[in-house]
Amino acid sequence: MTPAIPAAAAGPARPRPAATALLPDTTLDELAAAIAAGATVAGLGESTRFAHETFTVRDQLFRRLAGQHRFRALALQDHAAVAAMLDRYITTGEGTASSALDNAFRPWRTAEMATALEWIREFNTGNPHDPIRIFAVKPAQPQPADYDAVLGLNDTEAGICQSEA
């Protein structure tokens with residue numbers, strides 16, 4: 001069973017105060033412009049999950065890419081059914097952002113993500129003929145041979161360590 005969204009995220013999401021911005025607007029504008037320059041696809045990832053600061057910067061960049069550079073798709077690492085639920089919320093307003101996240105991958109079930117979905121929904125309301133859409137991408141799926149290679153590497157390293165002892 002999927003855990004519920006924390007109570008703090010259960011009601012309508014509230015925008016974060018501007019004073020909590022991690023980077024100055026000019027820096028974010030320049031970074032978004034550099035990312036968008038000549039690109040049709042931009043990848044914004046993270047090296048860790050659940051980091052408030054990482055999500056905040058990524059969200060601020062996404063808003064600029066959508067609003068200033070006409071990027072109109074958000075690919076999330078999740079199941080297609082989850083992406084369809086999120087897309088339904090942002091395109092129709094059906095339900096709430098929090099309820100749309102009920103079955104999402106755990107790192108997406110945050111107050112920050114609910115706020116991001118509400119922003120996208122508002123953006124789409126103002127841009128009905130040019131909406132942002134959400135779709136799913138599968139995470140990397142290792143094959144059995146990949147595990148064998150890792151285990152073989154570990155065995156080799158273990159042998160080296162034992163011979164040096």
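**Getting to know this predicted model**

User: What share of the accessible surface of the protein chain belongs to carbon and sulfur atoms?
Analyst: Good place to begin, with the reminder that this is a predicted model. The accessible surface of the protein chain comes to about 10,300 Å². Of that area, the share belonging to carbon and sulfur atoms is 58%.

User: In what order do the elements of the protein chain run from the N terminus on?
Analyst: The chain holds 6 helices and 2 strands. Starting at the N terminus, these elements follow one another as α-α-β-α-α-α-β-α.

User: How many of the contacts with a separation of 6 or more join residues 24 or more positions apart?
Analyst: Let us take the chain as a whole. It has 165 residues, and 28% of them count as buried. Among contacts with a separation of 6 or more, the share that links residues 24 or more positions apart is 75%.

User: Which side chains of strand E1 are buried?
Analyst: Strand E1 covers residues 73-77, and its side chains alternate between two faces.

User: Which residue of E2 stands opposite Gln77?
Analyst: Strand E2 spans residues 133-137 and runs parallel to E1, with 5 bridges joining the two. In this pairing, the residue of E2 opposite Gln77 is Val137.

User: How do the residues of the contact of H1 with H2 divide into nonpolar, polar and charged?
Analyst: The axes of helix H1 (residues 25-36) and helix H2 (residues 52-69) come within 9 Å and cross at roughly 65°, and the crossing is right-handed. H1 brings residues including Leu28, Leu31 and Ile35 to the contact, while H2 brings Val57, Leu61 and Leu65, among others. Sorted by kind, the residues of this contact come to 9 nonpolar, 3 polar and 3 charged.

User: Is Arg70 buried or exposed?
Analyst: Arg70 sits in the loop between H2 and E1. Its phi is near 60°, a positive value in a residue other than glycine. Its relative accessible area is 58%, and the cut-off is over 50%, so Arg70 counts as exposed.

User: Is Asp87 buried or exposed?
Analyst: Asp87 has its place in helix H3, which covers residues 80-92. Leaving out residues up to four places away in sequence, Asp87 touches Ile132, Arg133 and Ile134. Its relative accessibility is 8%, and the limit is under 20%, so Asp87 counts as buried.

User: What distance separates the C-alpha atoms of Arg88 and Ala100?
Analyst: Arg88 also lies in helix H3, and with 32% relative accessibility it counts as partly exposed. Beyond residues up to four places away in sequence, Arg88 touches Gly93 and Glu94. Ala100 is 12 residues from Arg88 along the chain, and the distance between their C-alpha atoms is 8.4 Å.

User: How far apart in space are Thr125 and Gly93, C-alpha to C-alpha?
Analyst: Thr125 is found in helix H5, residues 111-126. At 52% relative accessibility, Thr125 counts as exposed. In sequence, Thr125 and Gly93 are 32 residues apart, while in space their C-alpha atoms are separated by 8.9 Å.

Conventions: Residues numbered from 1 in each chain as written. Predicted model: local features only at pLDDT ≥ 70, side-chain atom pairs only at ≥ 80, totals over all residues. Heavy atoms only, no water. Helix = DSSP H or I, 4+ residues; strand = E, 2+ residues; numbered from the N terminus. Buried < 20%, exposed > 50% of the residue type's maximum accessible area, 1.4 Å probe, protein only. Contact = heavy atoms within 4.5 Å. Areas by Shrake-Rupley, 256 points an atom, 1.4 Å probe, with all protein chains shown as cover. Pairing = 2+ DSSP bridges. Axes fitted to C-alpha atoms, helices over the stretch in contact; angles between N-to-C directions. Left-handed = near helix turned anticlockwise from the far one by under 90°. Nonpolar A, V, L, I, M, F, W, Y, C, P; charged D, E, K, R; others polar.
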